Amino acid sequence: MKKLSLAAGLLLLVLASVAVYAQKDVKAKPAEKAKASSAAKTVKKSVQDKVVVYYFHGNARCTTCKAMEAMTREAIDTGFKKETASGRLALKEVNVDEEANMHFVFDYKLSTKAVIVQRVVDGKNAGWTNLDQIWLLAGKKDKFIKYIQAGVAKELAEK
């Protein structure tokens, strides 16, 4: 039974990796960025310029998915204390299976669990990046955390 469960988990991981690689663009094109502007509406108006890191998941959550969320949180908590305390950086966990959040699937072209880093300038969407290597790094905690931190730092540095 354990072997079957492990095999099913590995199959899901492989399928998710293939889906991620099937996407042609890691960076959104300008027209696609405009479509994601609805996500910017969820950002608090108190901080006009900020970066929002979204961890997207569905109702079904495997051990790997939960681990990726925890590692994403750790990457933000350990690497960006000043930015989160000031409100310049926020981490949001979003269940896209909830009706109110389904638009994110179209906004960001999601095909699986994902980490999206969105830059907000003057309260409006100014671009976003899909950190699409999370599935490949899921079993490598240190590399996963560094990857998330590098992606977030890049968006924080953008003007």
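**Exercise 1.** Is the crossing of helix 4 and helix 8 right-handed or left-handed, and which residues of helix 4 and helix 8 meet?

*Solution.* The model is a predicted one, and the solution begins with the geometry of the pair. Two packed helices are described by the angle between their axes together with the distance between the axes. For helix 4, which spans residues 63–79, and helix 8, the axes come within 9 Å and cross at roughly 60 degrees. That angle makes helix 4 oblique to helix 8, since angles of 65 to 115 degrees would be needed for roughly perpendicular and angles under 35 degrees for roughly parallel. The crossing itself is right-handed.

The next step is to list the residues in contact. On the side of helix 4 these are Met68, Met71, Thr72, Glu74, Ala75, Ile76, Thr78 and Gly79, and they meet Lys141, Phe144, Ile145, Ile148, Gln149 and Val152 of helix 8. Sorted by class, this contact of helix 4 with helix 8 has eight nonpolar, four polar and two charged residues.

**Exercise 2.** Where do Lys109 and Asp122 lie, and what is the phi of each?

*Solution.* Lys109 is found in the loop that runs between helix 6 (103–107) and strand 3 (114–121), and its phi is near 55 degrees, a positive value in a residue other than glycine. Asp122 lies in the loop between strand 3 and strand 4 (124–130), and phi of Asp122 is likewise positive, near 55 degrees. With a relative accessible area of 57%, Asp122 is exposed, because the cut-off for exposed is over 50%.

**Exercise 3.** How many helices and strands does the protein chain have, and what percentage of its residues count as buried?

*Solution.* The protein chain has eight helices and four strands, which follow the pattern α-α-α-β-α-α-β-α-β-β-α-α along the sequence. Of its 159 residues, 41% count as buried. Among contacts with a separation of 6 or more, 71% join residues 24 or more positions apart.

Definitions and conventions: Residues numbered from 1 in each chain as written. Predicted model: local features only at pLDDT ≥ 70, side-chain atom pairs only at ≥ 80, totals over all residues. Heavy atoms only, no water. Helix = DSSP H or I, 4+ residues; strand = E, 2+ residues; numbered from the N terminus. Buried < 20%, exposed > 50% of the residue type's maximum accessible area, 1.4 Å probe, protein only. Contact = heavy atoms within 4.5 Å. Axes fitted to C-alpha atoms, helices over the stretch in contact; angles between N-to-C directions. Parallel < 35°, antiparallel > 145°, perpendicular 65-115°, else oblique. Left-handed = near helix turned anticlockwise from the far one by under 90°. Nonpolar A, V, L, I, M, F, W, Y, C, P; charged D, E, K, R; others polar.
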